Amino acid sequence: MTEREPLRPLTTSQQHHLNQAVERYQAALTPQALSYLTEQRGLTEETIRTARLGVVATPDPLHARFTGWLAIPYLDRHGQPLTIRFRCLDDRKHSCKKLDHGKYMSLPEDPTRLYGIGAIHTAGDEIHLTEGEIDRLTLTQIGLPAIGGPGADSWTSHHRRMLAGFSRIWVWADPDPAGARFLRTVTKFLHNAVPVPLRHDVNATYVAAGADALLALIAPEIT
């Protein structure tokens, strides 16, 4: 588990500047990106709009290297952006590796945050934790209060404190070595974490078999 300094709140100027960028990227959502999100990922237009997803068309100077990428803003409980992560929309095999970047990228030195922290304030006694943003949106779309970490190595001590008040935390880790590492870290520090047995990741399961296939994985444990 990574130890980091407490997150510092954004200044009013930073908030305004970031919100302007998010609004600009939302307005630039391309047919290609919309098709990727709806047809390949099964997200509804309402989910896309609420999440404020967009495309980096006219980039902020700090975002120039992500021109043409999907913009995934990390929103606070009021829907205002705290930061942005970026997803390459070029899904050709090995293209990200050849271009020397990850499929998902954060800004340099950006603090690690949980995605969808508004769910912490609206969930009941239980909450769901996924390994990524799209998986978190998928669970939210089917009615499960969920937050997401931006990758298998994203867990910090601050995140543990944010989830301390829940009686049960369902952990939807990807069924691969990185997911196993994420699961080990989370369950080690959260005694109330319950692993969900996935054969494929959350979104792939949803696209292939629908919401019922996901809900069935937790139904036997619900009391």
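**Strand pairing in the predicted model**

Strand 2 (residues 70-75) and strand 3 run antiparallel and are joined by six bridges. The model described here is predicted. Within this pair, Leu-75 has Pro-81 of strand 3 as its bridge partner. The two strands form a hairpin, with five residues between strand 2 and strand 3. Gly-79 lies in the turn and has a positive phi of about 85 degrees.

Strand 3 spans residues 81-87 and is mostly covered. Seven of its seven residues are buried. Strand 3 also pairs with strand 4 (residues 104-105), again in the antiparallel sense. Two bridges connect strand 3 and strand 4. Here Phe-86 stands opposite Met-105 of strand 4.

Four strands form an open sheet, and their order is 6-5-7-8. The pairing in this sheet is parallel. Strand 6 (146-148) and strand 8 (193-195) each have a single partner strand and stand at the edges, so one side of each is left without a neighbour in the sheet. From one strand to the next, the twist averages 30 degrees.

Strand 5 (residues 126-130) pairs with strand 6 over three bridges, in the parallel sense. Thr-130 has Gly-148 in strand 6 as its bridge partner. Helix 6 (residues 133-141) lies across strand 5, strand 6 and strand 7 (168-172). Relative to strand 6, helix 6 runs at about 175 degrees.

Technical notes:
Residues numbered from 1 in each chain as written. Predicted model: local features only at pLDDT ≥ 70, side-chain atom pairs only at ≥ 80, totals over all residues. Heavy atoms only, no water. Buried < 20%, exposed > 50% of the residue type's maximum accessible area, 1.4 Å probe, protein only. Pairing = 2+ DSSP bridges. Axes fitted to C-alpha atoms, helices over the stretch in contact; angles between N-to-C directions. Contact = heavy atoms within 4.5 Å.
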